[in-house]
Number of protein chains: 4
Amino acid sequence: MIKAGIVGGTGYTGVELLRLLCMHPQVELSVITSRGEAGKAVADLYPNLRGKVDLVFTEPDLVSLSSCDVVFFATPNGTAMQTTPALLDAGVRVIDLAADFRIKDVAEWEQWYGMTHACPDLLDEAVYGLPEVNRELIRNARLLANPGCYPTAVLLGFLPLIETGLVDSDNLIADCKSGVSGAGRSANVGALLCETSESFKAYAVPGHRHLPEIRQGLETAVGMPVGLTFVPHLVPMIRGIHATLYANQVKPQDLQALYQERYADEPFVDVLDSGSHPETRSVKGSNYCRIALHKPQGRDTIVILSVIDNLVKGAAGQAVHNMNLMFGLDETQGIDAVALMP
Amino acid sequence: MIKAGIVGGTGYTGVELLRLLCMHPQVELSVITSRGEAGKAVADLYPNLRGKVDLVFTEPDLVSLSSCDVVFFATPNGTAMQTTPALLDAGVRVIDLAADFRIKDVAEWEQWYGMTHACPDLLDEAVYGLPEVNRELIRNARLLANPGCYPTAVLLGFLPLIETGLVDSDNLIADCKSGVSGAGRSANVGALLCETSESFKAYAVPGHRHLPEIRQGLETAVGMPVGLTFVPHLVPMIRGIHATLYANQVKPQDLQALYQERYADEPFVDVLDSGSHPETRSVKGSNYCRIALHKPQGRDTIVILSVIDNLVKGAAGQAVHNMNLMFGLDETQGIDAVALMP
Amino acid sequence: MIKAGIVGGTGYTGVELLRLLCMHPQVELSVITSRGEAGKAVADLYPNLRGKVDLVFTEPDLVSLSSCDVVFFATPNGTAMQTTPALLDAGVRVIDLAADFRIKDVAEWEQWYGMTHACPDLLDEAVYGLPEVNRELIRNARLLANPGCYPTAVLLGFLPLIETGLVDSDNLIADCKSGVSGAGRSANVGALLCETSESFKAYAVPGHRHLPEIRQGLETAVGMPVGLTFVPHLVPMIRGIHATLYANQVKPQDLQALYQERYADEPFVDVLDSGSHPETRSVKGSNYCRIALHKPQGRDTIVILSVIDNLVKGAAGQAVHNMNLMFGLDETQGIDAVALMP
Amino acid sequence: MIKAGIVGGTGYTGVELLRLLCMHPQVELSVITSRGEAGKAVADLYPNLRGKVDLVFTEPDLVSLSSCDVVFFATPNGTAMQTTPALLDAGVRVIDLAADFRIKDVAEWEQWYGMTHACPDLLDEAVYGLPEVNRELIRNARLLANPGCYPTAVLLGFLPLIETGLVDSDNLIADCKSGVSGAGRSANVGALLCETSESFKAYAVPGHRHLPEIRQGLETAVGMPVGLTFVPHLVPMIRGIHATLYANQVKPQDLQALYQERYADEPFVDVLDSGSHPETRSVKGSNYCRIALHKPQGRDTIVILSVIDNLVKGAAGQAVHNMNLMFGLDETQGIDAVALMP
């Protein structure tokens, strides 16, 4: 059994991690910390865990965390980087669900996240945990940067095109739509039901923190700078991301075959038949990414539709996937549930 | 492995049964029939099942169904009773998720359901599949009548009071609220998003088919006629039932202790601390019923709050629970998932 | 033109009041104050008012408020009572949309609201602004206590029964359901979309502040103490209250005729045909209360269904109705819009 | 008073038209027809109209319609063209809210709509009723083709760029999102709450009927063929369209000034401050289109955000606007209501 610790398990990413880990046959939940809720039973905050998780939130504490095999950070940005060096020194493997170790260029990270990085020397070692790209590196990672939700949906959608140079990579558009759980579980007027329900809007069009992360992923794949316009929107629903991706094809190729081949061995990427329209509910509560390809009206513009559950494949599920890889378990263990539909 | 067949698996109860059975370690899905969708892959109708269920809907056919160990009917009322006698004769055990075998009084059934019963002689043998009441009978049942969603929530909420004669059973009120999935997956203007979202209403106040079923369950428990007012309402959400139950206490008793004792050994009934307010989302996608008790303002009126997921504990999950009991499996196998929250 | 001021117009009651008053042909919006948003244009906070309201929020200021004919308080409980005496002295008429002047018994008010009342001497003079009960008093009121949302829906539903002594008033049940806007526009985890959407729950069952207000309204009508159980629930929608009311009939009477007669001259109470099921959406954005009556299954239990929009008839619309009465205008002016459906 | 008739008023466009016309000070609703609901009171189908509209649906009948000054068709495509010639001959002015007269090229219309046009000779005369483009033509129109919902949002967003040749018109993208009311009020599994709520998807990516209509509007403005990719999506809400438009700037210009100037005199187009993010709820129930402009990250890609209420500015409200123009009334009469927010 793998002893797992969670730092900061009170948000939506945290409870989702708890939901997955408490059912995982190879994991023993050992400690969960929260400054704000220390002393409170986890199941009092999240009654869906009654009878499944009998842990109590404790104050963050290096000693108890150091006794774990793996520690997950489900914390705000800037927290994991404070404790990670000590945990690594203690032989603990670290999976950060926040953004502390996602961006290789420390200057760019500091600019977008508005703080000084506490351990820039670890950025090189940190592995970007998108299994469909870095599976082998992940197996041996000590420090894993779990991808953001938008980057997961967008990269899986664009990668086959970019890797093969099929499209004009200077003119990519990612029009993305996310459920409200992406905003987290903090007291925030903008995420109230009465502010978000029965409405739809774009946000952060001038610049969103996932932009440099997506760009880095694309540029790593293509080996040169790319031009990307990224527009996120808020959908009046709890879970789900739908990325609608646009690119201009510059070389002929059978796209459907390309995608099916690229993802043939991927347990969590499902390429739908050509002409399909994936729904976010088809992945609700599951770790799958479903993708469909279109070339409307015979034009050169390729349209890719990519859907994930932002809390699973876009966060906690992908973190467990990475843990499975890091500890040599069956990749799909604990995360092969069927989506809840309807 | 238990060979399972499903008749009529295109509705919401059907897909939920598929979701649960395809992950059940002791079940092999063997056949699924649908007159309307014969020839279509199940996963084409329900893409959440892609890669999990590779069955194709077939025309209903007694031969293939007779080769199963158990057949589930996820059909409209009046269908199961047509084929059940032949299946029982063939040694197949039958679980009906519709109402054909729930009411013992055939005249009452025929009045509420507006048709003639095809095999009234089986009504006596049919076991009402509420495990918290009939566990031993269920173990040996050939023919199981799976309870309705409202009756499940209401009976589990009222039973401890009724069984002990603590309340005036001539004056019971069940004010119930259901998500829209209770209306099924048929083309029905009244269940459109634009008709049900951002609105709330009561329906069927003069009389709902679950009224005689609830009354029968209460009267069996108390051994005499009861007076019940049952008012169902439609909630703008997909899943969940919340029953708010009112009864006047006529004998003193520690209610909290009573309920905790009554359900101490029940794996799927969770009595919350006194004063709690269970949310339907705390059971979303799970087989649990959560109950809380109140006596507001020191009055004699007891208020019981009882929540279930209508598609799981109120339908498919309870059916699998019954199958587990009928085949001597661990009761909770395949239905012990944590609710999806948020 | 009536010069109107609003104190605290940043919440949902405030913006609804702005929506109604800015279209009212006899009103000139003169001043709107908000400590938190002073200096900000109203239309920057509420873009639906762009081009309609060009006011800027100002610091609360007795001088500018004193120049108004009427001042509305759309503030938290406990605010209006601080300034009301000075405004009345200055000849301004005051309409409080909060609870400061609703309860006649100051001790009961102080117990439920947890503070000392600042001007208990005004409680006698304050008129409870339910036009269907107090129309004549309202016309001459200097100080108007606008009713709460639940009390409006429940009182209009129960009054004809109570006033005529038709029911056992010692055993009344009000099972009420409200949209989330009733929780206001404050940063509150419990009102996030991800906490309230796709879920349903009861809350405050041990005791809700609207209980003494409803009880007072009923007791005034019947002239003696009543026994009331009040259970509020939260519905995953923005607007609307649905009250499901239960009472045991003790004297024979044609209920439908009784209600139609009682409300025959009321412009905003609509008694539906017997057997109807009013939907909250049928009053969304409008000032109507729609009521339907049932006596299910021939039992003695009367079931009354009463729906309002909590922000209109349950708050801002009723406040404008009261203003119309206080200033001798046509009662329905500015509040006769048709509900938005769908 | 203008005598108005409505053909086919049972859908969402029809009831919205009723809501607006019954409050319009210059309109007398004279007749409303519906084959399916003939004999039923309008207010029985739409209880929000109780006390406001006392008409009864009648069978379509040329005589009664011919007595009107204007007839609105709120019918499925292909209906208006059957009766329009006779009505025009009778001196009645016709406003078609469906697509029969929107496309000038009859062959293209017949291909997209899959039927033969009944009166292609009227296509030239029909005026495309986008007041921001065709105001003067509309004033004198006998036959008005009311624009589609997506075309309204997209054209208002793109027009200033296209008219001035500022962008590469061969590479335009319209990523559009619509509430479910766009699917109408027919019994359609795909529009059930349980199929659309808590989910997001694209649809009709290979080709949607609004594509040729948008293309025609753009090509008319620019005077040459344009290249457009149009991807519609379904949002889990009732009302609202959000168009996210992408175009590559090829000539320098102050965009904000351009839009403000273009729409300076338009009563229903509101250009927000640069950098804003309009929400669909800011126009819910109102006839406004709100637009904001972005050039993210200093790239050449312009991003335009345009929101409308699909049932008002995208259908019934625009139809009333056109009627106002056709009959010489104040343009904004009856359609200047403030959006319902929240």
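Chain D and chain A touch through 40 residues of chain D and 39 residues of chain A, where two residues are in contact if their C-beta atoms, placed from the backbone, lie within 7 Å. This is a predicted model, in which local features need pLDDT of at least 70 and side-chain atom pairs count only at pLDDT 80 or more, while totals for chains, interfaces and linings use all residues. Residues are numbered from 1 along each chain as its sequence is written, and chains are lettered from A and ligands numbered from 1 in the order in which they are written.

On the chain D side of the contact with chain A, the elements giving two or more residues include helix 8 (193–196), strand 7 (172–178) and strand 13 (301–308) of chain D. Helices (H or I, at least four residues) and strands (E, at least two) are DSSP runs, numbered from the N terminus. By type, this side of chain D has 18 nonpolar, 13 polar and nine charged residues. Here Ala, Val, Leu, Ile, Met, Phe, Trp, Tyr, Cys and Pro count as nonpolar, Asp, Glu, Lys and Arg as charged, and the others, Gly among them, as polar.

Chain D also touches chain B, with 15 residues from chain B and 15 residues from chain D. On the chain B side, helix 8 (residues 193–196) of chain B gives the most, three residues. That side consists of nine nonpolar, four polar and two charged residues.

Within chain A, the assignment gives domain 1 (2–125) and domain 2 (150–310); such bounds come from an automatic or database domain assignment. The centres of these two domains of chain A, taken over C-alpha atoms, are 27 Å apart. Nine residues of domain 1 of chain A contact seven residues of domain 2 of chain A.
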